[in-house]
Amino acid sequence: MTAEHDEVDRIVDAWTTQRPDLDFSPLEVLSRVDRLSRHLDRARREAFRRSELEPWEWDVLSALRRAGEPYQLSPKQLLQQTLVSSGTMTNRIDRLVGRRLVRREADPADGRSVLVTLTEDGRTRVDAAITRLVDAEAVLLAVLSRTDRDRLAALLRKLSLGFDTSR
């Protein structure tokens with residue numbers, strides 16, 4: 001056992017003393033994931049703030065940017081990637097159009113449909129945000145070697161896939 005202890009170790013030790021009949025190993029993992037999630041959320045919000053974006057704006061703009069040129073998706077495709085309701089997506093698109101970060105265009109393949117297209121300003125902001133985000137997340141992971149990061153990523157992927165398939 002290492003000489004270093006974190007707050008989760010102290011919490012688990014206290015619970016183990018009070019309830020020695022329980023296995024607290026799930027808390028040792030998921031309480032740390034929860035605490036790390038809070039640090040990550042703060043770092044992400046700051047990266048987005050510095051790019052003058054809200055987290056929800058990032059979700060939509062990054063989906064469009066990842067789509068590649070011409071950086072456009074249908075509202076339905078955006079729904080699938082951001083996992084929000086259609087009413088929420090309509091509101092988000094309206095607000096992004098108002099900020100001139102995206103525009104609506106007629107779908108040339110179907111005149112009744114629209115495509116949401118990333119504007120140059122939207123692309124500039126999302127590119128700045130991803131650069132800031134990657135830099136901020138690298139700082140959070142700096143204590144880990146590349147091998148440790150790869151191993152942790154593989155373990156978290158395995159855990160995540162378990163949740164994804166249980167829905």
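**Helix crossing, strand pair and pocket**

Author: In this predicted model, the axes of H3 and H6 come within 10 Å and cross at roughly 100°.

Reader: What makes H3 and H6 roughly perpendicular?

Author: The angle decides. Angles from 65 to 115 degrees count as roughly perpendicular. H3 and H6 cross at roughly 100°, so the two helices are roughly perpendicular to each other.

Reader: Which residues make the contact?

Author: H3 brings Trp58, Leu61, Ser62 and Arg65. H6 brings Gly122, Arg123, Val126, Asp127, Ala129, Ile130 and Leu133. The residues of this contact divide into 6 nonpolar, 2 polar and 3 charged.

Reader: How do you know that strands E2 and E3 pair?

Author: Count the bridges. Two strands pair if there are at least two bridges between them. E2 (residues 102-107) and E3 (residues 110-118) are joined by 6 bridges, so they pair. They run antiparallel. A hairpin joins E2 to E3 through 2 residues.

Reader: Which helix gives the most to the lining?

Author: H2, with 13 residues. Helices H2 (25-50), H3 (55-66), H6 (120-140) and H7 (146-165) each supply at least two. By kind, the lining has 18 nonpolar, 2 polar and 11 charged residues.

How values were computed:
Residues numbered from 1 in each chain as written. Predicted model: local features only at pLDDT ≥ 70, side-chain atom pairs only at ≥ 80, totals over all residues. Heavy atoms only, no water. Helix = DSSP H or I, 4+ residues; strand = E, 2+ residues; numbered from the N terminus. Nonpolar A, V, L, I, M, F, W, Y, C, P; charged D, E, K, R; others polar. Axes fitted to C-alpha atoms, helices over the stretch in contact; angles between N-to-C directions. Parallel < 35°, antiparallel > 145°, perpendicular 65-115°, else oblique. Contact = heavy atoms within 4.5 Å.
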